[in-house]
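Here is a short briefing on surface patches and salt bridges. Keep the sequence and the 3D view open as you read.

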Amino acid sequence: MRAFKDMPIKHQLTVIIFVISFVSLWIACTAFVVYDRSAYKKNMVHEFTVLARIVASRSATAVAYKDPYQVRQNLDSLGANASVISSCITDEYGDVVAMYSRQHAQPIEQTGQELEGVECLSNQPFISRFTSQHLDLLQPVMWEESQKIGELHIRVDLGVLNKRFKVFSVVMLMILLLASFIAVILSSKIQAIISVPLLSLIDMADKITTNKDYSIRTQLDREDEIGRLVNAFNTMLDTIEEQNRALLEAKENLQDEVEARTAELKNINRELEAFTYSVSHDLRSPLRSIDGFGAALLEDCGEQLDETGKDYLGRMRSASQRMGKLIDSLLYLSRVSRQEVHFRAVDLVEIGNEVVDGLHEQYSEKKYEFVCPKNLVCFGDRALLFIALQNLISNAWKYSANTIQPRVELGMVERNGEQVFFVRDNGVGFDMKYVDKLFAPFQRLHGPDDFEGLGIGLATVARIVHRHGGEIWAEGIPGSGAVFYFTLGMYKTDDEREQV
Amino acid sequence: MHETYNCVLLVEDNADDVALARRAFRNHPDIDEVIVVSDGPEALEFLFREGRYEGRDMTQQPVVTLLDIKLPKMSGLDVLMHIRGDERTRFQPVVLMSSSKRESDMVAGYNLGANSYMQKPVSFEEFAQMMKLLGSYWGALNKAPSRTDLENYN
């Protein structure tokens, strides 16, 4: 059955049509032959019963007068029928009065013996029985239509019937073979009605799968299930094509939009650069004048000023210098935001040590402990990460300046499979109330008298971390220290980030 | 004391900066004079001894030209391009100066053959120190070929 199901559908159809037509033909032929045989038998019985009745009634007088010659003559007349093999008449005691037997035929006595078993049926008007070779008939011989005086036995050869059966069977077989042959030829043609459109559908599906060309269609002018299947298929393809078109359009629109946005952003970036350049140039110039002429005033006319005047002048000059630094920091922050990020493997510990070397020199009067692992490899832009760590570690140094045993740690913890880097100190810390203000530019939690600074460092660090696709956050306890955590996103190379 | 006459050409349109620069160069041991021009064309006229500077004393070729980038009419970079493009001033030392530190300007300046690029600091002390060092370097340490050297060896 499995093998049948795996056959091509056209072969399946051919086999099905052939089997059905063969079986139905065979049933029809068999029924016909069986019917014919039984009808012929019935006919035979009828014919010979009539014959037996005639002979029996004609022989009644001869049997009554025990005239074997006359009985024999009557029996011989039966011999005119070629099918009668033998016949005999017995008297009321069962003794044979006369008998007829065709040459080579079996003697009737035996038949008489065989027929004894059915004598119980003798009250019947007559009896007939078929064996494989003969038809036996038993006809009572009646006197005056009421007294049974003997019995007529006739044995008929079934050769004609059997021959007729054989001929019929052969003819039937031939019809069956011929019909089957025609059925095979016809079915192989007819199956095409169903299999060809199916095959063309399969062909189309194959083409679509390999070429990804959804514009192929199959045309079939049919209203049946196959026609509906083809229509459904075509409609499905229409839908797919329509959706593809829509998707493509959306993609193109998106691309256009992205390009437009990129161009816009580039424009804005250019404008921003021009703006920062102007800011840098035009704001610094007057500051230079203020400071310069302040210095000149102090130098040239210092004697004419009292201490308060000199103090005011000094404040003006330091304010202008401070503003100059602020402008520089702002420009620095803006540059960090615009600068391209190049991803590669970077060892944060190496950067940390470099930063710390510089800090040891700067804060040489105090002994700091710096704790870090052997290495801490991450992926990011070395120059930017240097700036970030420089700010974080410098902050840690700066805010631990009043601690007795300052200790700064650079390390990494894993959180949900992500590397989280941190810089921890045991300095002044901060109140978590103000944690939101930490990373905003120019926001400071300490006055310039306690710790100097412009409030731009952590904003810069946050920008750098965000440019890497990472996050930054902080935890602090006043008087106990602060921890700054940051992640760096998942990119490892520039290509990887562009793909995202 | 030096034997030759050393002058610096300052191309600067900001009067305040001019005054501060003059002040910074006051009593400089290696610089005798600061010649100030306020825009690019005038600077080129001076260097090429053309227009109003025709017939200018040859010995007054500046030891260095301090060229501000942001100038009216013609940008400092354009002026530099003309200086480097002319046979007579090809080796003229040029120090670019700007209030800002714009990377693109820096790269363009060095590409055009600037000898140095300096950002003018806000603090006058730093500015004065810068001018002092500049004057000493270009006025006393640097040796530039004379006009005759150029004619003989080129």
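The points below cover the surface patches, then the salt bridges.

This is a predicted model, in which local features need pLDDT of at least 70, side-chain atom pairs count only at pLDDT 80 or more, and totals for chains, interfaces and linings use all residues. Residues are numbered from 1 along each chain as its sequence is written, chains are lettered from A and ligands numbered from 1 in the order in which they are written, and side-chain values use heavy atoms, with hydrogens and water left out.

**Surface patches**

- Patches are made of residues with over 30% relative accessible area and no salt bridge; like charges are joined within 9 Å, and nonpolar side chains (Val, Leu, Ile, Met, Phe, Trp, Tyr) within 5 Å.
- Accessible areas come from the Shrake-Rupley method with a 1.4 Å probe, and for residues only the protein chains shown count as cover.
- A nonpolar surface patch consists of A:L178, A:F181, A:I182, A:I185, A:L186, A:I190, A:I193 and A:I194, with about 730 Å² of accessible area together.
- A:F181 sits in helix α5 (residues 159-211) of chain A; helices (H or I, at least four residues) are DSSP runs, numbered from the N terminus.
- A:F181 is exposed, at a relative accessible area of 53%; buried means under 20%, exposed over 50%, and partly exposed in between (1.4 Å probe, protein chains only).
- A:E252 belongs to helix α6 (residues 225-301) of chain A and is partly exposed, at 46% relative accessibility.

**Salt bridges in chain A**

- Over all chains, the structure holds 31 salt bridges, each a side-chain nitrogen of Lys or Arg within 4 Å of a carboxyl oxygen of Asp or Glu.
- A:E242 pairs with A:R245, with the closest N and O atoms 3.1 Å apart.
- These two are separated by about one helical turn, because they are three residues apart in helix α6 of chain A.
- A:R382 bridges to A:E350, with the closest N and O atoms 2.9 Å apart.
- That pair links distant parts of the chain, 32 residues apart: A:R382 is in helix α9 (residues 382-399) and A:E350 in helix α8 (residues 348-362).

**Salt bridges involving chain B**

- B:E87 bridges to B:R90, with the closest N and O atoms 3.2 Å apart.
- B:E87 is exposed at 53%, whereas B:R90 is partly exposed at 31%.
- Salt bridges that share partners join A:R288, B:E12, B:D17, B:D68 and B:K120 into one network.
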